[in-house]
Amino acid sequence: MRKISLFIAMSLDGYIAKPNDDLSFLKLVEKEGEDYGYAQFTSTIDTVIIGRRTYDYVVSQIGASHYDNGQRDIYVMTKTVRPQSGRTIFYNKSLTGLIERLKSENGKNIYCDGGAQVINELLKHDLIDELIVSVIPVLLGSGIRLFQDGRPEQELEFAGAKTFDTGLTQLHYKRKK
């Protein structure tokens, strides 16, 4: 059965974005030739689930090909109906229904790239199997928190940690079953 993995970065104080969906703090750890395991991770997936605000920000900064490289399906969770573009599907129905369907299909794993609303909805229903969280050495003080209140307690199993000379620390946990 396919698993859902979260691969995301946050500040040391738990924010995945500054106010106004600003992800510029991620540039603090940019280093030529270093992708912090992203390419290896994405080689294990063929489906991406992402919130519309995160999608719009990344597309405006990097381009649509960051997600839609022709090799995977992208589900952008949105309240607004938009036409499909390539393999990018703007999805406005039940997230849990989508996950149940995707997990029952054959394929590689599923990558949740945020945002916080999507992540916390998945956590609320105990649907994330693996969390890979990169901690950026900065205290933002405000913004969008990765983990929001109102979700059930979940035990995790430590799967590993990596440190990098940029100060980034990557934590890897699996859902305890």
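1. Let's start with the inside of this predicted model. The largest nonpolar core holds 42 residues, and the members that touch the most others are I4, L6, I49, I119, L122, I128 and L146.

2. Leaving aside residues up to four places away in sequence, L6 is in contact with C112, I119, I128, E130, L131, I132 and L146. Apart from this there is a second, separate core of seven residues, with A9, Y36, I136 and L168 among them.

3. The volume of the largest pocket is about 1500 Å³. Its lining counts 48 residues, and L23, T54, V58, Y67 and D113 are the closest to the pocket centre.

4. Which element gives the largest share of that lining? It is α2, with six residues. Helix α2 spans 52-61, and at least two lining residues each also come from β1 (4-11), β2 (15-17), α4 (116-124) and β7 (130-136). Sorted by class, the lining of the largest pocket contains 22 nonpolar, 14 polar and 12 charged residues.

5. The second largest pocket has a volume of about 300 Å³. Of the 18 residues lining this pocket, Q40, F41, I132, K162 and H172 lie nearest its centre.

6. Around the second largest pocket, β1, α1 (38-42), β7, β9 (156-163) and β10 (169-175) each supply at least two lining residues. By class, the lining of the second largest pocket has seven nonpolar, eight polar and three charged residues.

Technical notes:
Residues numbered from 1 in each chain as written. Predicted model: local features only at pLDDT ≥ 70, side-chain atom pairs only at ≥ 80, totals over all residues. Heavy atoms only, no water. 1 Å grid on protein atoms, 1.4 Å probe; cavity = no way out; pocket = protein on both sides within 12 Å on 5 of 7 lines; lining within 4 Å. Points joined across faces, edges and corners; volume = space filled by probe spheres on them. Helix = DSSP H or I, 4+ residues; strand = E, 2+ residues; numbered from the N terminus. Nonpolar A, V, L, I, M, F, W, Y, C, P; charged D, E, K, R; others polar. Core = buried A, V, L, I, M, F, W, Y, C linked by side-chain atoms within 4.5 Å. Buried < 20%, exposed > 50% of the residue type's maximum accessible area, 1.4 Å probe, protein only. Contact = heavy atoms within 4.5 Å.
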